[in-house]
Structure formats: C-alpha cells, structure tokens
Amino acid sequence: MFFKQSLLILKRDLKIEFRNKSLLLSMIIFAVLFQVFLQIVFDANIEAIKKIAAGVLWIPILLSALLGFSKYGIAERENDALTGLLIAPVDRGAIFLGKLLGNLLFVFIVVIISVPVFFLFLKQPFPESIGLLLFTLFLGSWGFVALGVFFTTLAQSSSITDLLVPIMIFPLAVPLFLAISQLTEMALYPSIVMGQDLWVLLLVGYNILFTIAPLFLFDILLEV
Amino acid sequence: MQLKNVSLAIEDKPVLRSINLNWAHGEAIALLGANGAGKSSLLKVMSTLLHPSTGKTTMPEGMSLQKWKSKLGVVFPETFLYSSLTGYENLLFYQKLYGKTDNEQIEQVFNQVNLSRVQQERVETYSKGMKQRLAIARAFVHQPTHLLLDEPFDGLDLASKTILERLLKEKNKQGVGYVLVSHDSAHAWDLCDRAVLLHNGKIVLETPCTEKTYRSFMNQYQGWLKEKQHDVF
Amino acid sequence: MTYLFIGVSVMWIGILVYMGRLFQQQKQVSQQLDNMKNEARQ
Amino acid sequence: MIQRFIDPIKLILTGITAILIGIQLYMVFFFAPIEKYMGIVQKIMYFHVPTAFVAFAAFGVVFGAGILYLITKNKKWDYLAVSSAEIGVLFTTFVLILGSMWARPVWNTWWVWDDPRLVTSLILWFIYVAYLLIRTSVKGEERHRKFAAVFGIIGFIDVPLVYFSVLWWRTIHPKVIDENGANMPPEMANTLFFSMFAFMVLFATMLLYRYVLESQREKVKEIRQHSMSERTDF
C-alpha cells in the first residue's frame, strides 16, 4: 500500500513534468552550460583541472538539482493540491518517497548527460575505477536529493520562502560533499587510495539517515 | 462525528471557542455565519487537517483516522486540481489515492456534473465554473459517506447550481451526510436538516431547518450581521 | 599582545552591546505589558 | 506569577556572573604564567576554549529544547530554543574571531582548513545562522516552530558527521601543526577550568535575560491579538 501510494504520486508528478518538459530541459541545459562555463573559467588546463576535477564534475549536478527542488512539484501548490493529498488517507512518508524518486530520476538524467560531457571536454582517458565513480554518482545524488526534498517540502508547507532552502541544506550537506569529492577524486585518479572504506561508510550512513528519518518524520511534521 | 469542547488558535489567535457539535450519520448540517466566523476552520478540524488546540474530536463508531479520511469527501475554496492534467486524469489520480479503481464510477460522476464531453481536456482550458464542478466531482469520486462542503455553489451558474442541489439531495437519500458552509442561508435551509450559526468562533444558535424556524433565525442572523458591520466601521 | 587585546575586547564589546540591546528591548516590552495591564484594569 | 521571582534571580545571577568574570580576568592576566613559546598571545586560550564550550552548550540546549517542544508542544521550549540559538551564534562568532587572533601570530595564518574543530565551528555557525533566518521569516505559527525545531535537531546531529568527515578529509594530507600541546602547568589548567565555569554562568545569565524577553514579547503579541478578537465578541 505504502509503495503503491508512492508510485502513484511519482507517476502523477512525472506525467505533469514530462507534459511541460521545461524543468527537465532547463536542468540539463543548466548543468551542461555550467560545466562549459567552469572549463572556460579555469582555462581548461588539464594539469590545473586535475586538482579541481571532482568539483567541476559535481557542482553543475548539485546546482541543477537545487534548481529542481523548488520547481519540481510546483503543480502541487497551484490549486493547493498538497492539502488534497493531506486530506486523503495517504501515508505522508509515501508522499516523501514519491517526491524523492521523482527528483532523483531527474537528477539521474542530468548525471547521465552531464558526466559524459565532463569527460568529453577534459579529453580524459576513461576513469580507471568506473565502478567507484558510478557508485559515488548514485549515492551522492541520492543523499543530496533526499536532503533537498525533505527540506523543500517542509519549507513549502510551513510558508518558509524557497530562498532559505539552499542556506539550510548546504551546511548540512558538508559531510556529503567531502565524501563525494574524495571518492570522485579516488575514482578519477586512482593513485591516491587512502581511507576509501571510511568515505564509503560515511556516504552510505548519510544516505540512510536522510532517507529513513524523513519517512518517519513526515507524518509528524506535516500535520498541524 | 463528535466534537467536544473544541477550541482552536491559529498563530495564537483564537479561531474556534469551545465548539460542541454532534454530526450523526447521514445528517445534513448547514454551517452559517459571517466572514471570519470560523466556518472554514471548523471544516478543517473536521477533516483532521487542523488539530484542535484543546478539546477532542471523536470519529464515528471507533473508526481509525485513516478510515475516517477515506470516508470523507471535501470541497474547499481551492480546487486541489492539477491544471496540466486532464479532467479524467485528475479524477483517476484522486480515486487511486483513496485506494479505489472504478472506471464506471468516474464516468458516472462526470455525467452527474455534466462534464463528460471535456473529460479528456486539460484542466487549464476549463472555465472557472467547470473547474468548480470538477472539484465537486473530485470530492465524489471515491464514494464518500461524509461530505464537507465549503461554499460549493461559488462560481456555479444557475443550471449547475440546480444540478448540484439535486445531487446533494439524492446523495442524502442514500445516507450520505454533509456539512454545508454557505453564506446563502435560504439556500442552505432547503438542503439541510439542521442549521448551526457561528459567530466569532462560537456556536450561537442551533435549530432544525423548518419553515417555522427560518423567520426567527433570519431575524437573529441579521442582528449578528449588523453588529458585525457596526464593529467594522 | 595586540592580538590578545583585539580578540578579547571584540568579544567583550560584543557581549556588552548584545546585552545592552536586550535591556532596551526588555524595557520596551515591559512597558507594553504594563500599559496593557492598565488598560485591562480600566 | 513567575515574573516576580525571576527578577531577583536575574539580579543575583548577574551579580555572581560579574564577580566570577572579575576573578577570571584577574586569574588570566595575573595568576596564570606566560607561556614559554607562544608568549602572552597564548592567554587567548582562556577565552577561546570557554566560548567554544558555551557555543556548543547553547546548541545542545537548542537540540534538547527542540525535542522537548516536539514532544510537549509547549511554546516555552521553543522560546528557550530561539534564545539559546541566538546566544550560540554570538559565541560561535567569538570563537571564530578569537581563534583567528590566536592563529595569526602562532600559526602565521588567519585560517586553516586542517583543524576539524575550526571547520566544524564555521559550519555550525552557518547552520544556526540559517536557523535564526528561519525564525525571522514568519513568526508564531505552530508549523513554523515545528520546522525550526526539526532543523535545530538535525543541525546538531550533523555536527559529529561534519567533525569526523573533516578529520578524515584532513588526515589524508599532511598536518600543519600537531595538536598535542595539552601538558600545561597547574596554574594554567586551573585558570582554564575556572574560565570555563565563569563563562558557563555567564551563558546561563544571558540565556535567562533573553528567555524572559522572548516569552514576554510573545505574551504581548498574544494579549494584543486576544483583545483584538475580544472586541467583536459579546
């Protein structure tokens, strides 16, 4: 029942978003554009970029995810449809999960397009530990999106402006950023392999914390 | 449903004060009062959207919260519709949300609100009255046994009003109870068994809806309204 | 020495300014409360 | 009713705080010896460490009060949380300034990213500035208070995560300075402990003042709104 409800919400959101298309397209274009912008700013010097490669890879993805948080599910606010959801006999955790999956799908699409662009422009040889890179991309986006969806949904239902959302989530995401930047560095330049397990542990732990806690907290937090 | 001594404060401002109300199964109640009297807030409490600051709400016959919610149909001033989805998709979504899939029921509701022809068009192309009718259809689509209606006649033309009236009377015969918020008291009188007048968050008058009681009710009602105006100016 | 002096004085000035502001606001609020009580009595 | 008792408590606490801070200043500048290598600058430690403790305690109070608010829905806990967060941000600011003042002559730099405590303090500062920003945007609504409570709680839980991630991040690279300099003469240790105690009392006093202000402010608002709706009552 719980998953059925999440899927229902997910399907509805995707139908709306794909019908309008504007959000996904702008997220993708933003990510690629920002990628190009960073390369120009840092002068595309391969030696120099090696040091900041993880940042160049991640920053466009994270910022375009941020773009998505406030705009995804905007249909919900239009006719106060969120209230319609809250009145229905739906587990609020299911609402969170549905929104999380939808946002995540969008961010994954951005990743799929933005990461190859990264390799294309940098003329990088293929990363050596592709497995680690994919793992990091997957869990890194997951953690960030979970955190973002949690706070955006709460902020929207508490009449807090969207403006505050980045200010709230970036400090909380510091452990996540450190983990993904370190792991990405290791994946791209496998010469430095120190404390990899530790970072994987941190990343997994962070994901579990910010996925499971909202599932239970949402029911308490969305009631008034 | 039973409300016992319910009070509600929003942002420390008292909105409802010790409300006692008994909503029997299948009973139609008219909730009347001036703007800001607390009618909408009372509906929100009954829909469990707001929790009373003090006092208690009891669901009928030991229903669980989820059960109560699934039996409830709601028309609020906001339509809760998704404008980039079609009318049909909207109803389908809300029906599934209540754990049901019954295409015939959707067809039937579309017929009842006279929107069958446009059900495959997006809601954003609808006129205001059509949206309101679709919102009413949305409230009926999971076959609720209790309805909370906040000014459902708003934005409807005369023909649609008659349709909705007929629909409500028909449902009431089938045992569906409703709470109707309206500022048109004569209209509400026709549709309900009992009238409840709210003023400043308090129930000031409760009376069965008969022709005899109407006149005396109207006198008092206008009295309250005058006092209200006097206060404002 | 300079660093010690600057650091410590910045801290104490900060605390004193903060407390000063608190006092001022407290005075205002107390006054408002008193006024309200008087009004209620009348 | 409580108000009548709080005033004497306020006075007594203020007096005690003044005396303690006086003793603390005396001990720092006249009792504690001057450190051999760093010289007189080392005395910043007697302010830096206690302020850090106060800041951390303040955020601990935000955390605890947030939980209690969510459980009891009693607004008093929320007042306590806001008050404490404000003082916590103030003291974290001091921690950062004092730390820089100490680092400049000793490490020859204003800021290093190598010390997890430094970075954690900075992140902590950001988290609770965000908390205060949430508080100022809209006031008084229950859902809003709840949201702030949750953010305060999660922010505090995040602290150890930040600390350890920065620690691991930095241990991979060479360290600028070794942190094991804790072997100090008893005069120094005594001064440090006394300073911590004095600052904790200072914190308690400030919190009391701030809390009373917050609850009275809310009371004014309550009465005002109440009387506004009473006017149309009968």
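Predicted model: local features only at pLDDT ≥ 70, side-chain atom pairs only at ≥ 80, totals over all residues.
Chain C itself is quickly described. It has 1 helix and 0 strands, and its C-alpha atoms fill a box of roughly 60 × 5 × 5 Å along the principal axes. Of the 42 residues in chain C, 33% are buried. The accessible surface of the chain comes to about 3,000 Å², and carbon and sulfur atoms account for 60% of that.

Chains A and D, on the other hand, do meet. Here 29 residues of chain A are in contact with 27 residues of chain D, and the area buried between them is about 2,800 Å². Carbon and sulfur atoms give 78% of that buried area. On the chain A side, helix 7, helix 8 (164-172), helix 9 (174-188) and helix 10 (196-221) each supply at least two of the residues that touch chain D. The largest share, 8 residues, comes from helix 10 of chain A. Sorted by type, the chain A residues on this side divide into 24 nonpolar, 4 polar and 1 charged.

Salt bridges do turn up elsewhere, and the tally over all chains is 15. One of them pairs the side chains of R12(A) and E76(A), at 2.7 Å from N to O. This pair links distant parts of chain A: R12(A) sits in helix 1 (residues 2-20) and E76(A) in helix 4 (residues 75-78), 64 residues apart. R12(A) has a relative accessible area of 3%, so it counts as buried. E76(A) is also buried, with a relative accessible area of 3%.

Another salt bridge goes between chains. E89(B) pairs with R19(A), the closest N and O atoms being 2.9 Å apart, and the link runs from helix 3 (residues 87-97) of chain B to helix 1 of chain A.

E86(D) and R210(D) form a salt bridge with their closest N and O atoms 2.8 Å apart. E86(D) belongs to helix 3 (residues 75-107) of chain D and R210(D) to helix 6 (residues 186-231), and 124 residues separate them. E86(D) counts as buried because its relative accessibility is 17%, under the 20% cut-off. R210(D) is buried too, with a relative accessible area of 4%.

Back in chain A, salt bridges with shared partners join R12(A), D13(A), E76(A) and K99(A) into one network. K99(A) also comes up in the surroundings of T153(A). Leaving aside residues up to four places away in sequence, T153(A) touches K99(A) and F218(A). T153(A) lies in helix 7 (residues 130-157) of chain A and is buried, with a relative accessible area of 7%.

How values were computed. Residues numbered from 1 in each chain as written. Chains lettered and ligands numbered in written order. Heavy atoms only, no water. Helix = DSSP H or I, 4+ residues; strand = E, 2+ residues; numbered from the N terminus. Buried < 20%, exposed > 50% of the residue type's maximum accessible area, 1.4 Å probe, protein only. Contact = heavy atoms within 4.5 Å. Buried area = accessible area lost by both parts, 1.4 Å probe. Nonpolar A, V, L, I, M, F, W, Y, C, P; charged D, E, K, R; others polar. Areas by Shrake-Rupley, 256 points an atom, 1.4 Å probe, with all protein chains shown as cover. Salt bridge = Lys/Arg side-chain N within 4 Å of Asp/Glu carboxyl O.
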